[in-house]
Amino acid sequence: MSRFRVEKRRVEAELTLSSGHSVRGIFFLAGSCSRHAGPERVADLLNAQEGFFPVATAPEGAGTILINRAHVVSVRLLEQPNEPQLDPGYAVAPERRVIMLLSNGTTLTGSVRVYRPEGRDRLSDYAQSPDVFRYLESAGGTFVVNRAHIVNLRETDS
């Protein structure tokens with residue numbers, strides 16, 4: 001084994017691409033992250049830079065493909081649905097119930113957290129956040145959604 005080898009955690013997810021295809025695969029995540037304390041999460045990897053990232057296609061061993069972040073509409077987390085709850089401010093960040101229409105015609109309904117100071121914690125502040133990929137928690141699972149593929153977003157009471 002090489003002394004330069006970096007051990008990675010594997011997290012299974014389903015990616016929806018702008019081409020209309022879905023890919024079930026495995027993300028390779030580091031044990032720590034430069035953006036916050038704790039392990040790297042799927043949203044951290046997607047927000048880290050532009051361009052391509054590797055995904056091992058399921059079933060394991062079928063191969064690794066490189067996917068262009070710009071063409072990822074959403075990612076549904078299959079193994080780590082509580083990933084957003086690892087954010088230190090999760091318990092105190094205002095929760096907004098939303099309906100989100102994506103560029104592929106999919107509508108997601110669920111909750112988002114707005115990590116902004118009081119008075120700047122509206123849904124419009126969430127929409128203008130600098131992170132390209134952000135979480136949406138729903139009955140159908142936890143999604144990491146690409147802001148560039150959100151067509152419209154509205155708050156709902158239900």
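Author: Start with pairing: two strands pair if DSSP finds at least two bridges between them. Strands are DSSP runs of E, at least two residues long, numbered from the N terminus. Here, six bridges join strand β8 (residues 133-138) to β9, and the two run antiparallel. This is a predicted model, where local features need pLDDT of at least 70, side-chain atom pairs count only at pLDDT 80 or more, and totals for chains, interfaces and linings use all residues. Residues are numbered from 1 along each chain as its sequence is written, and side-chain values use heavy atoms, with hydrogens and water left out.

Reader: What joins β8 to β9?

Author: A hairpin, through two residues. Tyrosine 135 has valine 144 of β9 as its bridge partner.

Reader: Which strand pairs with β9 over four bridges?

Author: Strand β5 (residues 72-77), in the antiparallel sense. There, valine 75 stands opposite valine 144.

Reader: Why is β9 largely enclosed?

Author: Buried means under 20% relative accessible area, exposed over 50%, partly exposed in between (1.4 Å probe, protein chains only). Six of the six residues of β9 (residues 141-146) are buried, so the rest of the structure largely encloses this strand.

Reader: How do I read empty space?

Author: Rolling a probe the size of a water molecule over the atoms shows where empty space is left. A pocket is an open set of points on a 1 Å grid over the protein atoms alone, where a 1.4 Å probe fits, with protein on both sides within 12 Å along at least five of seven lines; lining residues have an atom within 4 Å of a point.

Reader: How many residues line the largest pocket?

Author: 27, with Asp87, Tyr115, Asp131, Arg134 and Tyr135 nearest its centre. β8 gives the most to this lining, with five residues.
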